[in-house]
Amino acid sequence: MTFQQLAIGSYFRLPGVSYACVYRKASHSYGSLNASLQTIRPTTKVIPLNAAAIAKYLEAKQASQNKLQK
């Protein structure tokens, strides 16, 4: 699948990049990673995440934030 084919708001990973790097499609040409926007070419191959993978990512992110607050 390419970046262009994703719906805005979809979570995805880039092939060959760490599993901790999860992006969310912010617009037709930008993806967000840790609240910063990054330009992504429309033809870039992406790996869309399913609901279970998104839940796992959000759970790990929340646990990390809770550790920082303690």
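Lys25 lies over the face of Phe3, 4.7 Å from the ring centre. A charge counts as over a ring if NZ of Lys or CZ of Arg is within 6 Å of the ring centre and within 35 degrees of the ring normal. The model is predicted: local features need pLDDT of at least 70, side-chain atom pairs count only at pLDDT 80 or more, and totals for chains, interfaces and linings use all residues. Residues are numbered from 1 along each chain as its sequence is written, and side-chain values use heavy atoms, with hydrogens and water left out.

Phe3 also belongs to a ring cluster, linked by ring pairs to Phe12 and Tyr23. The structure holds 3 aromatic pairs. Rings of Phe, Tyr and Trp (its six-membered ring) pair if their centres lie within 6.5 Å; planes under 30 degrees apart count as stacked, over 60 as edge-to-face and the rest as tilted. One of the pairs joins Tyr11 and Tyr57; it is tilted, with 6.3 Å centre to centre and 55° between the planes. Tyr11 lies in strand β1 (residues 11-13) and Tyr57 in helix α1 (residues 51-69), so this pair ties together parts that are 46 residues apart in sequence. Helices (H or I, at least four residues) and strands (E, at least two) are DSSP runs, numbered from the N terminus. Tyr11 and Tyr57 are both buried, that is, under 20% relative accessible area, where exposed means over 50% and partly exposed in between (1.4 Å probe, protein chains only).

The Phe12 and Tyr23 rings have centres 5.4 Å apart and planes at 15°, so the pair is stacked. Phe12 is in strand β1 and Tyr23 in strand β2 (residues 23-25), so parts 11 residues apart in sequence are tied together. Phe12 is buried, at 0% relative accessible area. Tyr23 is buried too, at 7%.

Tyr57 also lines the largest pocket, as do Arg13, Tyr19 and Lys61, among others. α1 gives the largest share of that lining, 7 residues. By class, the lining residues are 6 nonpolar, 2 polar and 3 charged.

Strand β3 (residues 30-33) pairs with strand β4 (residues 36-39) in the antiparallel sense, over 4 bridges. Pairing requires at least two DSSP bridges between two strands. Gly31 has Gln38 in β4 as its bridge partner. β3 and β4 form a hairpin with 2 residues between them, and Asn34 in the turn has a positive phi of about 55°.

Notes: 1 Å grid on protein atoms, 1.4 Å probe; cavity = no way out; pocket = protein on both sides within 12 Å on 5 of 7 lines; lining within 4 Å. Nonpolar A, V, L, I, M, F, W, Y, C, P; charged D, E, K, R; others polar.
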